[in-house]
Amino acid sequence: MNPANHNDICQRRGTALILFLAALGVFLVMAAFAVNVAYMQLVRTQLRAAADAAARAGAEALARLESVDAAKQAAIEVAAANTVGSSNLTLTTADISIGHARQLGNSGKWEFLENQQPYSSVRVNADQNTPLMMFGITGRQSFTPVLTSTAAFSENEICLVIDRSHSMCFDHSGVDFAYPAGTPLPPPDRVIYPPHPTGSRWASLISAVDAFLNGIATSNATQRVGLVTWASTITLADYEGGLTGREFPESSLDRPLGLDNNQVRSLLAARSADVMLGGTNMSAGIEMGIDVLTGSDSHDFASKIMIVMSDGKWNFGSDPKLIALEAKKKKIMIHTVSFLDKADQSDLQKIAKTTGGLYFHASNTAELEEAFRNMARSLPVVLID
């Protein structure tokens, strides 16, 4: 073989080997980066799952035990039970914040307010220093993903504060003492009869409350509902009391806070079968609603919501707008509903505005039902960020 040709072949083989080794090096580096990127994504996913689990556990403990310390401890314990990378997730109390979560209008977004009461939310700030695989090739030994997870329980305490004055027996014309067709005629007086089962204002209210209870039943938040009914005091010395031989208080606690909404329906059905007497002492109803939402049976960390419905204007007792100021001081939000066009809308609007609540006006049964559905949809729900 020609020595020149032999040298040329050797040089080409040497060049190919160098190129192969260079390509192999690039391939190994690319493979190392690919492995590390995939591993980093896996660790981030594990961290997200662990942080979410810790936040949920903290929120559940906060709701159940009403203890900030218990909430933080529950989050720490659940985090430690989850593996992130090659070790369990470690949290300290400094990594966990307690606060209040609120919805920003109808945007679907939520805001976490650290240290603000009533406490309803737990935020976990999690990070995990994780050694990387093949760090000898990439030159990077570890990375530290950082994630924030916020879980907000929502225990809502809701008091339905319902007008049971005699005008709830009237029809929907807005005319006083105009009764639905089928209401018995005098003597002695139509006032002694229960509300008409389908044509009365009370019947419309029953349908609307049922829509509300169905609405909150679909939420994953805890809803404890109480029931207060109100009118004005009736004694045997009053005309209606003399006719019926009955006395009625200005307000009644029909049911304290509870979880059985069918019981609320049953109690309202029992009211439907009884006479309804008296005028409109709205303040008495709101005052008893405040007692329900702040009494020994209430929970400190629950959101306090009152729903006040009336078909008229208050004509007994003190100004309910002043009582609304007391509700505001106790962090109670009042949603109000006026029913029929002759109902007083101004006071109910002001009551809702004073407490940060919603105001609805309904001109007919369908609008009243929709107002109660909207209130059910407006209640806080559980969220995870």
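Me: How many helices and strands does the chain have?

Reply: The chain has 10 helices and 15 strands, where helices (H or I, at least four residues) and strands (E, at least two) are DSSP runs numbered from the N terminus. This is a predicted model, in which local features need pLDDT of at least 70 and side-chain atom pairs count only at pLDDT 80 or more, while totals for chains, interfaces and linings use all residues. Residues are numbered from 1 along each chain as its sequence is written, and side-chain values use heavy atoms, with hydrogens and water left out.

Me: Why is Leu-340 called buried?

Reply: Buried means under 20% relative accessible area, exposed over 50%, and partly exposed in between (1.4 Å probe, protein chains only). Leu-340 has a relative accessible area of 3%, and therefore counts as buried. Of the 385 residues of the chain, 46% count as buried.

Me: Is Phe-177 buried or exposed, and what makes it so?

Reply: Phe-177 has 58% relative accessibility, so this residue counts as exposed. Phe-177 is found in the loop between β9 and α4, whereas Leu-340 lies in the loop between β13 (332–339) and α9 (346–355).

Me: Which peptide bonds are cis?

Reply: A cis peptide bond joins Pro-186 and Pro-187, with omega about 5 degrees. The bond from Pro-187 to Pro-188 is also cis, with omega near -5 degrees. Pro-187 lies in the loop between β9 (155–163) and α4 (201–217), and Pro-188 is found in the loop between β9 and α4.

Me: Why are α7 and α8 called roughly parallel?

Reply: Angles under 35 degrees count as roughly parallel, over 145 as roughly antiparallel, 65 to 115 as roughly perpendicular and the rest as oblique. Axes are lines fitted to C-alpha atoms, for helices over the stretch in contact, and angles run from 0 to 180 degrees between N-to-C directions. The axes of α7 (residues 282–294) and α8 (residues 320–329) cross at roughly 10 degrees and come within 9 Å. The two helices are therefore roughly parallel to each other.

Me: Which residues of α7 and α8 meet?

Reply: Met-282, Ser-283, Ile-286, Glu-287 and Ile-290 in α7 meet Pro-320, Ile-323, Glu-326 and Ala-327 in α8, contact meaning heavy atoms within 4.5 Å. By class, this contact has 6 nonpolar, 1 polar and 2 charged residues. Ala, Val, Leu, Ile, Met, Phe, Trp, Tyr, Cys and Pro count as nonpolar, Asp, Glu, Lys and Arg as charged, and the others, Gly among them, as polar.

Me: What makes α4 roughly antiparallel to α6?

Reply: α4 and α6 (residues 261–272) pack at an angle of about 180 degrees, with their axes 11 Å apart. That angle makes α4 roughly antiparallel to α6. Among the residues in contact are Trp-202 and Ile-206 of α4 and Val-264 and Leu-268 of α6. By class, the contact of α4 with α6 has 7 nonpolar, 3 polar and 3 charged residues.
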